[in-house]
Amino acid sequence: MSIASTSVIQVIPRTRRGVELFLLIIAVAVAVGAYINIGITVQGKIPASTGYYAAGIGVLALVAHITLRYKAPYADPVLLPCAVLLNGLGLAMIHRIDLAYLVRGIERSAAAPQQITWTAVGVMLFLGVILLIRDHRRLQALTYTAGLAGLILLILPLVPVLGVELKGARIWVSLFGLSFQPGEFAKVCLVIFFAGYLVVKRDVLTLAGHRFLGLDLPRARDLGPILVAWACSLGVLVFEKDLGTSLLFFGLFLTLLYVSTERIGWILIGGMLFAVGAWFAYATFGHVRVRVNTWLDPFGNIDLGGFQLVTALYGQGWGGILGRGLGEGRPELTPVSQSDFIMSSFAEELGLTGLIALILVYTLIVERGMRTALGCRDIFGKLVAVGLAMSFAVQVFVVVGGVTGLIPLTGLTTPFMSLGGTSLVANWAIIALLLRISDQARRPQTPAAPVSDETIALAVQR
Amino acid sequence: MNKAIRRMAVAAIILMLALMANSTYIQAFRAEELNAKNGNRRVTDSQFSVNRGPITVGNGNTPIAESKPSDDRYEYQRTYPGRGDYAHLTGYYSFVFGRSAIEQSQNAALNGSDPSMAFRRVMDVVTNKRQRGATVKLTINPSAQAAAISGLKGKKGAVVAIDPKTGRILASVSLPSYDPNRLAGHDVKTVQEAWEQLNADKDKPMLNRAERELYPPGSTFKLVTAAAALSSGKYTPESQVDSPAVLNLPQTTATLPNQNGQNCGGSNRATILVALRKSCNTAFGVLGMELGAEALREQAEKFGFGERHLPEIGAVASRFPDDPNAPQVAQSAIGQFDVRSTPLQMAMVAAGIANKGEVMKPYLVSEITTEGLKKISETKPESLHQAVTPEVAEQLNRMMVDVVANGTGQPARIDGVEVAGKTGTAQTSPERPPYAWFVSYAPASDPQVAVAVVVEDAGVRRDDISGGQLAAPIAKDVMEAVLNRR
């Protein structure tokens with residue numbers, strides 16, 4: 001009998017929707033709690049808008065949850081609550097900085113209501129993805145369409161009239177008075193393209209090659225795609241002056257190449273190309289050199305753009321280990337504290353403790369994405385899941401690393417928290433895709449029929 | 001493929017761990033350093049909402065800097081009732097330009113963040129009282145300070161008075177001065193304008209000439225040369241030295257003349273006593289060359305040259321030149337060439353002689369007390385160096401009394417009090433007027449106060465400038481103020 005218990009276990013998949021609901025209630029409670037806390041410390045009373053805010057977050061979370069319950073019952077139960085928590089806390093902090101501007105008499109239109117609207121749009125897109133894409137494998141048919149779309153989205157900001165240069169980077173597109181960052185969606189399209197492409201090409205990339213110094217190196221002609229990706233990412237860096245997207249783009253491609261071929265040689269070649277590209281960028285472009293110099297010595301380069309980082313570091317130091325408390329810091333002293341620097345705003349008011357908690361929530365999302373990839377049964381799905389999870393990880397690393405001075409500052413948004421519609425909506429779409437794949441991954445292959453004793457007995461005899 | 005995915009999962013965790021490690025470094029380990037940086041608005045803003053403690057002087061704890069409730073965007077306004085009188089001591093406390101002098105060095109006590117006040121802070125939180133900073137009391141004697149200010153009025157220069165027995169600073173004045181109220185305002189634009197104006201002023205009103213400016217000490221440095229000579233054991237005040245009208249310096253064609261162009265008291269040889277009384281350059285030039293640069297430097301350093309004193313306000317170190325040749329030694333011996341001294345340092349020389357050869361460490365903060373005048377800390381007098389033996393000190397004392405009684409220092413005489421002193425007139429460059437010096441102490445038998453006065457530019461004719469005429473009367477006023485003779 002001992003053989004039976006170790007070698008044959010029929011796992012009956014469980015949907016875990018109840019767990020998700022429970023976690024969602026906690027996430028909404030934390031976000032609403034933060035909102036109330038801010039009202040009490042800054043204005044001395046529970047804000048009148050609490051009901052509106054709580055209902056907004058709560059209803060959106062509930063609708064998303066119910067949709068999953070019926071349309072993707074086996075989906076990962078942790079991803080949605082994490083997203084709701086981050087989105088809710090981000091909203092609370094944006095509102096808090098709105099109040100700080102108000103209190104100090106700085107004229108500025110409130111950003112939080114705008115972000116609530118975008119949250120609603122984001123959740124609607126989330127529902128759209130869940131409802132329209134019943135099986136992620138269908139996306140594989142769109143490989144080259146996605147590739148083309150991704151490329152167009154990347155190039156869009158360079159189109160005269162459409163593209164807008166803001167804060168030194170040309171990554172915005174303005175259309176009918178609405179502006180958005182196409183790069184946020186290009187990311188998703190490119191993941192789909194890379195995954196679809198690699199599913200087809202992985203054999204030739206894996207098997208053909210030379211052995212050199214104990215490493216399996218790819219054939220020169222197979223280097224094509226990586227060189228194209230490298231050139232594209234350099235192009236983004238050069239023409240749009242966007243270090244973040246360029247790094248993200250190339251990092252994603254390398255990740256997927258490595259995962260699909262399992263050949264470490266690709267990483268080495270990619271790493272070398274990255275080093276060459278980075279050196280070239282540093283040597284050639286003034287804006288890259290300025291970023292690197294302000295990173296190395298922000299206090300010595302205050303006038304040259306170190307000011308942002310310096311005030312952000314002051315905020316983090318002011319927060320210390322336990323933080324000033326929500327509403328008791330001065331996050332508004334840091335430029336763009338509601339968007340690029342929102343994590344340093346949290347670091348100031350919630351302290352190191354709060355910042356680490358937030359990073360852990362991001363880690364949780366990334367690792368649930370990786371878990372989804374591991375469990376997924378088709379290669380395309382695996383690659384898409386790894387790609388999306390890794391894009392999340394790289395983005396969080398690049399932006400939080402930037403505002404805390406670990407790496408040079410680049411212009412990426414903090415997923416779910418930064419003020420800004422495009423990013424928020426795109427991230428909701430990414431979470432929806434991950435959930436869709438995880439539903440597929442965790443779903444029993446055949447409808448889970450009750451397992452009879454005879455089946456087990458048969459299995460044991462064999 | 002799953003192996004590679006697992007590796008990617010680990011890679012992602014490593015990225016996140018790097019973020020956490022870096023943030024821990026910043027928020028746990030670098031926080032203090034970041035909070036101490038000048039220009040950190042979070043910190044300055046929060047300090048402007050603390051009731052900063054006053055800086056006081058005298059027995060009545062008269063405030064020379066205090067915080068008053070303000071009804072603008074900050075809760076308190078720093079004010080300086082003494083205006084320019086104590087500006088170089090208190091320094092300024094500016095929202096825009098940070099802090100200086102006592103406001104800077106005693107910041108932790110003044111804003112109440114000093115570790116010694118931790119318990120009080122906790123009690124304030126418990127009892128729901130607002131945090132209040134401690135009172136910093138200075139050693140300054142207000143009437144001595146006032147005497148120095150009125151004596152120097154209209155001139156450029158500095159006065160430092162020390163209690164020779166303890167090292168307490170009794171007066172420290174630098175003129176022209178500035179009004180720190182102008183820098184303490186909350187209106188950034190006005191403060192900015194005041195700052196630019198003060199910095200552009202060619203009279204340098206923000207420069208603390210008493211402790212942070214170096215002058216050639218001129219003939220007052222002969223006290224150090226004399227101390228070195230007597231300490232060598234080869235000389236007494238009665239020893240004869242060469243004192244021609246003009247000294248031909250070896251190795252050069254340069255000469256060193258006496259101030260009046262004559263020899264010292266009618267003869268080409270004079271005793272050290274007479275040479276000091278008449279402040280003969282040639283005699284001390286010869287003496288310096290006989291003693292050598294090393295002996296002079298050692299003696300100067302025993303009086304405190306080469307060290308930075310009064311860290312409370314950041315005094316600069318006075319200096320004796322490195323490795324001078326023989327003619328340079330001769331010039332150094334009379335306080336010329338590259339010898340440079342702060343008025344504080346020359347006051348310390350006088351105080352050291354007055355205190356039987358023992359130089360006390362100068363200090364400015366006498367005590368720090370809480371709001372209820374409960375003492376948190378008190379500065380105890382400390383010995384700095386034994387500059388000369390009590391015997392040599394007594395010989396120097398006798399010679400300095402002679403200078404005031406019979407020599408160049410007569411304008412410092414006080415009826416009924418024996419005063420010891422030494423004049424000085426220091427040349428810098430031919431195009432600017434010489435500096436007038438006077439160092440002294442009184443009463444000679446039981447010294448209560450030692451004073452150094454330097455007048456940079458009195459706006460009088462060059463021929464009229466001498467330490468005795470210009471600087472000695474100011475020193476006299478200050479000494480009388482301390483001795484309650486006014």
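Visitor: In chain B, what share of the contacts between residues at least 6 apart in sequence join residues at least 24 apart?

Guide: Good place to start! In this predicted model, 69% of those contacts in chain B join residues at least 24 apart. A contact here has heavy atoms within 4.5 Å.

Visitor: How many of the residues of chain B count as buried, and what makes a residue "buried"?

Guide: The cut-off is under 20% relative accessible area. Of the 486 residues of chain B, 57% count as buried, so each of those falls under 20%.

Visitor: Which strands make up the open sheet of five strands?

Guide: The order is β8-β7-β19-β18-β17 in chain B, and the pairing is antiparallel.

Visitor: Why are β8 and β17 of chain B called edge strands?

Guide: Because β8 (169-175) and β17 (420-426) of chain B each pair on one side only. On average, neighbouring strands of this sheet are turned by 5° against each other, direction ignored.

Visitor: How do you know that β7 and β8 of chain B pair?

Guide: Pairing needs at least two bridges. Six bridges join β7 (residues 156-162) to β8 in chain B, so the two strands count as a pair, and they run antiparallel. Look for B:A161, which stands opposite B:A171 in β8 of chain B.

Visitor: Which helix lies across β7, β8 and β19 of chain B?

Guide: Helix α8 (residues 142-152) of chain B does, running at about 25° to β8 of chain B.

How values were computed
Residues numbered from 1 in each chain as written. Chains lettered and ligands numbered in written order. Predicted model: local features only at pLDDT ≥ 70, side-chain atom pairs only at ≥ 80, totals over all residues. Heavy atoms only, no water. Buried < 20%, exposed > 50% of the residue type's maximum accessible area, 1.4 Å probe, protein only. Helix = DSSP H or I, 4+ residues; strand = E, 2+ residues; numbered from the N terminus. Axes fitted to C-alpha atoms, helices over the stretch in contact; angles between N-to-C directions.
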